[in-house]
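Me: I would like to learn how to read a structure like this one. Please take the features one at a time.

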Amino acid sequence: MATSPPIRTNFHPSKKHSDVERLVKWICIYPAYINSKKSRQEGRRLAKERCVENPTCAEIRDVLSVTNLRVGVENKEYSRERSREPQYRGRIRVQMRNDDGSFCNPEFGSREAVLLYVSKKIPQLKSRQVKSGAECYQHSQQNHQSNPGGGGGKKGKGKRR
């Protein structure tokens, strides 16, 4: 009776957690995981109250770069994402464990802990705060520029010749 061939796996004892070949052991974060506008069926992983409105890969990368975790960005599409626009593309890879198997940052013991941290920190980014401040500034400028006399009217292009 013939023996069955051995099962091939990507695991090799000489490989370390930080090796590029072991990226399989790193966790993936797609922006849809923490997008409050997505349903669970569309890929959201956290409760809506804890999620952020339309996060980007750049924002997730910026938040995680401050922590003691290695972060990689890949130009991949999430399979459940309907839109193929560039702003929805991207995948973040995060190394959770050191070569000896211990956590890189003991604060993050699980995938969910990383997602919660990211969704808590993204609203505090300057890029998120500046947008809302700029909108308020533009709105107040429009109110100040309106004519109190009310006689202005529409300005045309002038006479065409």
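Me: Is proline 31 buried or exposed?

Reply: Buried means under 20% relative accessible area, exposed over 50%, and partly exposed in between, with a 1.4 Å probe and protein chains only. Proline 31 is buried, at a relative accessible area of 8%. Its place is the loop between E1 and H1. Contact means heavy atoms within 4.5 Å. Leaving aside residues up to four places away in sequence, proline 31 touches Pro55, Thr56, Cys57, Ile60 and Gly90. Isoleucine 60 is 29 residues away along the chain, and the two C-alpha atoms are separated by 7.7 Å.

Me: What is the mean pLDDT of the protein chain?

Reply: This is a predicted model, in which local features need pLDDT of at least 70 and side-chain atom pairs count only at pLDDT 80 or more, while totals for chains, interfaces and linings use all residues. Residues are numbered from 1 along each chain as its sequence is written, and side-chain values use heavy atoms, with hydrogens and water left out. pLDDT is the predictor's confidence in each residue, from 0 to 100. Here the chain mean is 79, and 68% of the residues reach 70 or more. Confidence is lowest in helix H3 (residues 126-145), with a mean of 60, and highest in H2, at 95. Where pLDDT is low, the predicted coordinates should not be read in detail.

Me: How many helices and strands does the protein chain have?

Reply: Helices (H or I, at least four residues) and strands (E, at least two) are DSSP runs, numbered from the N terminus. The protein chain has three helices and three strands, in the pattern β-α-β-β-α-α along the sequence.

Me: In which order do the strands lie in the sheet?

Reply: Two strands pair if DSSP finds at least two bridges between them. The open sheet runs E1-E3-E2, with antiparallel pairing. E1 and E2 (70-74) are the edge strands, each pairing on one side only. In E3, valine 94 is the bridge partner of isoleucine 27, and arginine 93 is that of glycine 72.

Me: Which residues point each way from E3?

Reply: In a regular strand the side chains alternate between the two faces of the sheet. From E3, Arg91, Arg93 and Gln95 point one way and Ile92 and Val94 the other, and all are buried.

Me: At what angle do the axes of H1 and H2 cross?

Reply: Axes are lines fitted to C-alpha atoms, for helices over the stretch in contact, and angles run from 0 to 180 degrees between N-to-C directions. The axes of H1 (residues 57-65) and H2 (residues 111-121) come within 10 Å and cross at roughly 105°. That makes H1 roughly perpendicular to H2, a term for angles of 65 to 115 degrees. Ile60, Val63 and Leu64 in H1 meet Val114, Tyr117, Val118 and Lys121 in H2.

Me: What is the phi of asparagine 54?

Reply: Most residues other than glycine have a negative phi. Asparagine 54 is not a glycine, yet has a positive phi of about 45°. This residue lies in the loop between E1 (27-29) and H1 and is partly exposed, with a relative accessible area of 32%.

Terms used. Parallel < 35°, antiparallel > 145°, perpendicular 65-115°, else oblique.
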